[in-house]
Amino acid sequence: MKIKLAGVLKESVADGPGIRMTVFTQGCARACPGCHNPDTQDFSGGEWHDTEELFRQFAANRHLRGLTLSGGEPFAQAAACAFLARQVRESGKDVVVYTGYTWEELLALGEADEGIRLLLENANIVVDGPFILAQKDLDLPFRGSANQRVIAAAASLAQGRVVILKWGREAR
């Protein structure tokens, strides 16, 4: 399956817990003012990649704790992201997904789009919400603005409500 990417970080410690491969999808309609990755917004940019090859690169690095899907907007290419996320999860690793959508918006969109539903089901953690420049907070672990939530995906789906995770200094 093909996926359009802005880039890949083969090892990152800034995009979730542990050492991770971070995949930056290409294309985002939200265009949040102050976006950390503005070059990923244009849907005509980026390059096409094969999800199976991305997974082979991921699996070849035994030091990785998991995969992070960022952007751009991963849910704009939900089917391809879900395919990759499922492979990572089946290998025993975890998946973090960053999105400008809220959890509630994704649930509603997932009713009509199987790819969105499958990506939610194959994510361990979803960091949701648009970046809001007025709420920028550089002290928050793994996110940019105070409105963004770190959500335990499986627990949230099972309980029918958002289950928030605490990371870093928030967990103390």
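E114 is partly exposed, at a relative accessible area of 49% (partly exposed lies between buried, under 20% relative accessible area, and exposed, over 50%, with a 1.4 Å probe and protein chains only). The structure is a predicted model, in which local features need pLDDT of at least 70 and side-chain atom pairs count only at pLDDT 80 or more, while totals for chains, interfaces and linings use all residues. Residues are numbered from 1 along each chain as its sequence is written, and side-chain values use heavy atoms, with hydrogens and water left out.

E114 pairs with R117 in a salt bridge, with the closest N and O atoms 3.4 Å apart (a salt bridge is a side-chain nitrogen of Lys or Arg within 4 Å of a carboxyl oxygen of Asp or Glu). Both residues lie in helix 4 (residues 114–122), three residues apart, about one turn of the helix. Helices (H or I, at least four residues) and strands (E, at least two) are DSSP runs, numbered from the N terminus. R117 is partly exposed, at 33% relative accessibility.

Helix 3 contributes to two further pairs. E105 forms a salt bridge with R30, and their closest N and O atoms are 3.6 Å apart. This pair links distant parts of the chain, 75 residues apart: E105 is in helix 3 (residues 103–110), and R30 is in the loop between strand 2 (20–25) and strand 3 (47–50). E105 has a relative accessible area of 32%. R30 also has 32%.

R149 meets E104 in a salt bridge at 2.8 Å, N to O. Here R149 in strand 7 (residues 149–152) is linked to E104 in helix 3, 45 residues apart. R149 is partly exposed at 23%, and E104 is partly exposed at 42%.

Salt bridges also link R20, R65 and D94 in a network. The whole structure holds nine salt bridges.
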